[in-house]
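Please report on the cavities, the salt bridges and the ligand site of this protein.

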Amino acid sequence: MTPPFPSLNLGNVSEDHPVNLDNILGAVTYGNDGTDFHPASFGAVSIPVLPKGGVVHSAWFAKGPFVSGSYGSLQFRHNENVLFGFIALNEKDFPPTGEASSLQQVAYAAYSSIFGAIKTTPFRNLVRCWNYLPRINEADSGMERYRHFNIGRQDAFIRDNFSYLAGSPSACALGSAGSQLVVYFMSSRSEPIAVENPRQISAYNYPSIYGPRSPNFSRATLLQLPGMEVLFISGTASIIGHKTVHHSDVEAQTAETLRNLEIVVEQSNLKSRVGGFTTRNLFMKVFIRHAKDFEKVVSLVRKHFGDATEVTWLQADICRSELLVEIEAFGFCEDVAS
Ligand code: 3EB
């Protein structure tokens, strides 16, 4: 599926089919083998590809000319409208102190770098963040590591004066292998519009039973680009209100997740200029906790969306131990007036 709108597009590229690097804003390599890079790839996310392993280079296509830059170890590349950035930090470089765990510190450092970097550019609106952290559901000093991550992330937003409540970027947070926190992101010159899901309490308002600091993300963000509007849907799961529903039932969780996706697209259309987003032409990443559930999830997702939706299937831990599936999506619609 190739949308006819040129400003921004997502797709998987392979080394077998060399693509014009002049058309790629940035790419990230998913898969087991961190050695297999595409020349456009900024780095690796250590998450297995389903069903057969291998690697997927997930690329953002955009119109050049591009300008590349760095800020400490953070790498970025931008055109006139959007900036793509990538940072990977090693927890071992942040020994725990009495105040903060390694993961809390590394999350704070990664986000401080992101804010520092985008403040040196005109792309100061954080639109979308992708977070990958090792051993996401493991406990550290009696608290789940994901919750340590949430403290460091929110601290950085507060310190750098970025909105951590309404107006937060869309995001996802998954478990990965290795010892690095990997965060990549998109930021923009113009301000995105945040979208929430009325079936769910906004994540930034989750009660403290999910940790001392709420995760700061919006359910989706909308961005106007020349000739098109784009939609970044956050990791979406089987959550109603603030509660996980359908414990231990991957099919019911998948069905609930699909309903949540439908609602987020509906809500996005209410806030969009054109209102032409549909769930029939999304680019999705589906994260499945247990590889054994692959067939069940594929069959429900395919039944729901048909074949127009381009899906990358990945196996990952999800940020609540009872969640078995999470789906994120990118959508687009033509906007001739912009
Ligand atoms: C949820 O809805 C599931 O911490 O950035 C989804 C998307 C989830 C993003 C994040 C977490 C994040 O709460 C988890």
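## Ligand site

Around the ligand lie 14 residues, and Tyr146, Arg153, Tyr206, Arg219 and Cys319 come nearest. Here a residue is near if one of its heavy atoms lies within 4 Å of the molecule. This is a predicted model: local features need pLDDT of at least 70, side-chain atom pairs count only at pLDDT 80 or more, and totals for chains, interfaces and linings use all residues. Residues are numbered from 1 along each chain as its sequence is written, and side-chain values use heavy atoms, with hydrogens and water left out.

A polar side-chain atom of Tyr146 sits 2.5 Å from a ligand oxygen atom. For Tyr206, the distance from a polar side-chain atom to an oxygen atom of the ligand is 2.7 Å. An N or O atom in the Arg219 side chain lies 2.9 Å from an oxygen atom of the ligand.

## Cavities

A cavity is a set of points, on a 1 Å grid over the protein atoms alone, where a 1.4 Å probe fits but cannot get out; lining residues have an atom within 4 Å of a point. Grid points are joined across faces, edges and corners, and a volume is the space filled by probe spheres set on the points. The structure holds 2 cavities of 30 Å³ or more.

The largest cavity has a volume of about 230 Å³. It is lined by 21 residues, and the closest to its centre are Tyr146, Tyr206, Phe217, Ile239 and Cys319. Two or more lining residues come from each of α2 (145-159), β11 (170-176) and β15 (228-236). The lining divides into 12 nonpolar, 3 polar and 6 charged residues. Ala, Val, Leu, Ile, Met, Phe, Trp, Tyr, Cys and Pro count as nonpolar, Asp, Glu, Lys and Arg as charged, and the others, Gly among them, as polar.

The second largest cavity has a volume of about 150 Å³. Of its 17 lining residues, Leu10, Phe283, Met284, Lys285 and Phe330 are the closest to its centre. Elements giving two or more residues to this lining include β1 (8-13), β18 (283-288) and β20 (325-334). Its lining splits into 9 nonpolar, 4 polar and 4 charged residues.

## Salt bridges

Side chains of opposite charge can pair when their charged atoms come close. A salt bridge is a side-chain nitrogen of Lys or Arg within 4 Å of a carboxyl oxygen of Asp or Glu. The count comes to 12 salt bridges. Three are tabulated.

| Pair | N to O distance |
|---|---|
| Arg135 and Glu138 | 3.4 Å |
| Glu144 and Arg147 | 3.6 Å |
| Arg280 and Glu262 | 3.7 Å |

Exposure is set by relative accessible area (buried under 20%, exposed over 50%, partly exposed in between; 1.4 Å probe, protein chains only). Glu144 is buried at 15%, whereas Arg147 is partly exposed at 22%. Arg135 is partly exposed at 42%, and Glu138 is partly exposed at 38%. Arg280 counts as partly exposed at 39%, and Glu262 counts as partly exposed at 24%.

Conventions:
On a 1 Å grid over the protein atoms alone, a cavity is a set of points where a 1.4 Å probe fits but cannot get out, and a pocket is an open set with protein on both sides within 12 Å along at least five of seven lines; lining residues have an atom within 4 Å of a point. Helices (H or I, at least four residues) and strands (E, at least two) are DSSP runs, numbered from the N terminus. A polar contact is a pair of N or O atoms within 3.5 Å; within protein, one must be able to donate a hydrogen and the other to accept it, and residues adjacent in sequence count only if both atoms are side-chain atoms.
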